[in-house]
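Welcome, and please keep your viewer at hand. We will take a short walk through a few selections together.

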Amino acid sequence: MASTGDSKWKNTALLVIDMQKDFILPGGPMLVEGGRAIVPNVIKAVEVARSRGIPIIWVVREHDPLGRDVELFRRHLYSPGKPKPTSKGSVGAELVDGLVIKEDDYKLVKTRFSAFFNTHLHLYLQGAGISSLIITGVQTPNCIRQTVFDAVALDYQSVTVILDATAAATEEVHAANIFDMKNIGVATPTLNEWCELND
């Protein structure tokens, strides 16, 4: 059951970032090595968020199949004969199994690292009265970090990165970026620590 509107979570949203097949599954053209291991924790974070009445925002990359909206440094991946990562409508752009967008959820498409860059995310969150963000997904040095730093710059009151529901190519890269985010006031609980917070 969702929590009532007067819950401590009423101004909070959960962002699930880039948990798509091309980033998570073995052989994916944009594989994040640590991504598959966090899938169960991301699923659990979504379940807990739903039980607390926290809205879920699914942040995904979807690109033009010809790569016309991709960063310059990645456009070579969209040349003829290449796999065309997370192109709109492709299997690789789909969420991994176990993660499902439900009717009341919100899907946000981005074409750069930050979920805020050139999107209407900030306006959407302001309109929904959201001042606190919980972040999950991949990968820590790119889309997680850029989204978090933008959220801090935009003065969200609370930004939380769930330590073991986010991942990078290596544990060392993940830890280094978590360290940087903690230094700007971001909370970094484990999933269990976050789940144990009182409603």
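How many residues does helix α2 have, and how far does the helix reach from its first C-alpha to its last? Select residues 39-51 in this predicted model. You will find 13 residues, with 19 Å between the first C-alpha and the last, close to the 18 Å expected at 1.5 Å a residue.

Stay with α2 and show its side chains. Val-39, Val-42, Ala-45, Val-46, Val-48 and Ala-49 are the buried residues of this helix. Before leaving, click on Gly-53, which follows α2 and has a positive phi, near 75 degrees.

Next, select residues 140-153, which form α4, and residues 171-182, which form α5. Their axes lie 10 Å apart, at an angle of about 10 degrees. Angles under 35 degrees count as roughly parallel, and therefore α4 and α5 are described that way.

Which residues meet here? From α4 come Thr-140, Pro-141, Ile-144, Arg-145, Val-148 and Phe-149, and from α5 come Val-173, His-174, Asn-177, Ile-178, Asp-180 and Met-181. Seven residues of this contact are nonpolar, three are polar and two are charged.

Finally, colour the chain by pLDDT. The average is 95, and 96% of the residues score at least 70. Residues 1-6, however, fall below 50, and this stretch has eight contacts in the model beyond near neighbours in sequence. Where pLDDT is low, the predicted coordinates should not be read in detail.

Notes: Residues are numbered from 1 along each chain as its sequence is written. This is a predicted model: local features need pLDDT of at least 70, side-chain atom pairs count only at pLDDT 80 or more; totals for chains, interfaces and linings use all residues. Side-chain values use heavy atoms; hydrogens and water are left out. Helices (H or I, at least four residues) and strands (E, at least two) are DSSP runs, numbered from the N terminus. The expected span of a helix is 1.5 Å times one less than its number of residues. Buried means under 20% relative accessible area, exposed over 50%, partly exposed in between (1.4 Å probe, protein chains only). Axes are lines fitted to C-alpha atoms, for helices over the stretch in contact, and angles run from 0 to 180 degrees between N-to-C directions. Angles under 35 degrees count as roughly parallel, over 145 as roughly antiparallel, 65 to 115 as roughly perpendicular and the rest as oblique. Contact means heavy atoms within 4.5 Å. Ala, Val, Leu, Ile, Met, Phe, Trp, Tyr, Cys and Pro count as nonpolar, Asp, Glu, Lys and Arg as charged, and the others, Gly among them, as polar. pLDDT is the predictor's confidence in each residue, from 0 to 100.
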